[in-house]
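Please keep the sequence and the model at hand while reading.

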Amino acid sequence: MASITSIGIGSGLDIESMITQLMAAERAPVKKLQAEASSLQTKLSTYGKMQSALSTLRDAAATLARAGTWQATTGISSDAAAVGVTTGAATLPGSWAVQVQRLASVQSNATGVYPSADALVGEGTLHLELGSWGADGSSFTPQAGRGVVDISVGPPAQSLAQLRDKINASNAGVVASVLTDAAGARLVLRSAATGEANGFRVGVTDADGHNSDGLGLSALAFDPSAGILTMAQALAAANAAATLNGLPVSSASNTLGNVVDGLTLSLNKVTAAPVQVDARPDAESMRKAIDGFVTAYNDLNKLIAEQTKYDAASKTAGTLQGDSAAVAMRSRLRSLLGESSGASASFGRLADVGFDVQSDGSIKLDQTKLANGLANLPELRKLFAHDDPLGDANDGIATRLRALADQFLGIDGSLSTRQDGLRARIERNQDRQAQLEDRIAMTEKRLRAQYTALDRQMASLTGLSGYVTQQMKAWSSSKGN
């Protein structure tokens, strides 16, 4: 008898289809669990979006609850081309008259004219030293903590270009360049930084034995305190000099940093008359902080509304429709917007400064009321940012909202608790699916074994039936003869 290679051949029954239908029935509970897992995962994802939106709102509230937000200033100059101004966190509103008598400068020296940048200067050693010159140039005070930088030149003799590169590589605080014009080439040395303390002198040990005769390397010598002036000075190192409300101020650079409580002045040119600079409240940055809060609140409000609604027309429910935690959070946030605060004597509620809550729970700003609030910054700051150690009644609204958001977002908050619960349910669901899959696999294996045995038995009976039929036909045939 030929071996059976496919279940159902022996019996003629569609056993594979029968097993498939039976397994489909067995898998019905798994499909139900899979649908439940998908729903749980969608809820968890939605809670993640709510957590992100609430975190954004918390940060926006924290910005409004920060005193520095309401102390921000911006700098304004009556002549920014002459005197620029920026303010810092510590800058208080104020006005100053700034007159610039002198800009900070570098010391600049130049050699005589050479035929080209390739012309040889000589060989020996240059000695570069930073410091400050006396008023008449007769004295030199070296910079504290810096020594003399020696630069070996040759042999053989070096060109202007080679000497320039050696000086620039020495990190001596002096920058070298070659200036070329119709007359020829000159080596120019200048201080790397402005300020009278960044002047320099150049000593020379010339290989020809003459250190100040203006020939060879000594053409670069410059030390008025020793009467050596073979290298000409084009510009002296100097500090910037100005007056601030009539008081003299100076700086090694043309930037006067933190000259008055975080105020920074940029001196760009000498002025014939004082330039008015002001530090004024930065209403633009405050409006930006308020707008950021309103946007964050409205985004969260819209998200919760969409996820908890029920659309009667389409008979569809949001992912969190009926979810008590989401509904309670939205209700609590909306309630807080309407609360009163004793922090400010002028503004008791957010509505007083233009925060109008609409029927859908969103905030719409009344720009006129907000402008009136910004005109009274001390009281507006209290309404938002006051933090009373004695109790919540006098806390600012932003201070309260930041604390409320922290509660929701905390490890024991409703959002975290609900997410943890959803994760636990998803994990149990997956475990149950795995158990059912194992049971289904065992059931399918058992059914296939049973149907295979049945198929073989029926094949055997079919063969026996055929044999009996054949014998009876043969017997009948022999009787007829």
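Which side chain of opposite charge is nearest to D282, and how many Å away is it? The model discussed here is predicted, and in it the nearest such side chain is K288, at 9.3 Å. D282 is buried yet takes part in no salt bridge. A salt bridge would require a side-chain nitrogen of Lys or Arg within 4 Å of a carboxyl oxygen of Asp or Glu.

D282 is placed in the loop that lies between β16 (275–281) and α5 (283–308). When neighbours within four places in sequence are set aside, D282 is in contact with A72, T73 and T74.

Strand β16 belongs to an open sheet of five strands, whose order is β1-β16-β3-β12-β13. The pairing in this sheet is antiparallel. Its edge strands, β1 (73–77) and β13 (247–251), each pair on one side only. From one strand to the next, the twist averages 30°. Within this sheet, β12 (residues 240–244) and β13 run antiparallel and are joined by five bridges. A240 has S251 in β13 as its bridge partner.

A further open sheet consists of three strands in the order β2-β15-β14, again with antiparallel pairing. Here β2 (83–86) and β14 (255–260) are the edge strands, each pairing on one side only. With direction ignored, neighbouring strands of this sheet are turned by 25° against each other on average. Three bridges connect β14 with the antiparallel strand β15 (residues 263–267). The bridge partner of T255 in β15 is S266. Together β14 and β15 form a hairpin with two residues between them. D261, in the turn of this hairpin, has a positive phi of about 40°.

| Strand pair | Bridges | Bridge partners |
|---|---|---|
| β12 and β13 | five bridges | A240 and S251 |
| β14 and β15 | three bridges | T255 and S266 |

**The loop between β15 and β16**

N268 lies in the loop between β15 and β16. Is N268 buried, partly exposed or exposed? Its relative accessible area is 38%, so N268 counts as partly exposed. Leaving out residues up to four places away in sequence, N268 touches A80, A81, A82, V83, G84 and L103. One of these contacts, G84, is 184 residues from N268 in sequence.

**Aromatic pairs**

How many aromatic pairs does a search of the whole structure find? The search finds five. One of them, formed by F293 and F355, is tilted, with 6.3 Å from centre to centre and 55° between the planes. Because F293 lies in helix α5 and F355 in strand β19 (residues 355–357), this pair ties together parts that are 62 residues apart in sequence. F293 is buried, with a relative accessible area of 2%. F355 likewise counts as buried, at 4% relative accessibility. Ring pairs also link F293 and F355 with W70 and F384 into a cluster.

Conventions
Residues are numbered from 1 along each chain as its sequence is written. This is a predicted model: local features need pLDDT of at least 70, side-chain atom pairs count only at pLDDT 80 or more; totals for chains, interfaces and linings use all residues. Side-chain values use heavy atoms; hydrogens and water are left out. Two strands pair if DSSP finds at least two bridges between them. Helices (H or I, at least four residues) and strands (E, at least two) are DSSP runs, numbered from the N terminus. Axes are lines fitted to C-alpha atoms, for helices over the stretch in contact, and angles run from 0 to 180 degrees between N-to-C directions. Buried means under 20% relative accessible area, exposed over 50%, partly exposed in between (1.4 Å probe, protein chains only). Lys and Arg count as positive and Asp and Glu as negative; His and the chain ends are not counted. Contact means heavy atoms within 4.5 Å. Rings of Phe, Tyr and Trp (its six-membered ring) pair if their centres lie within 6.5 Å; planes under 30 degrees apart count as stacked, over 60 as edge-to-face and the rest as tilted.
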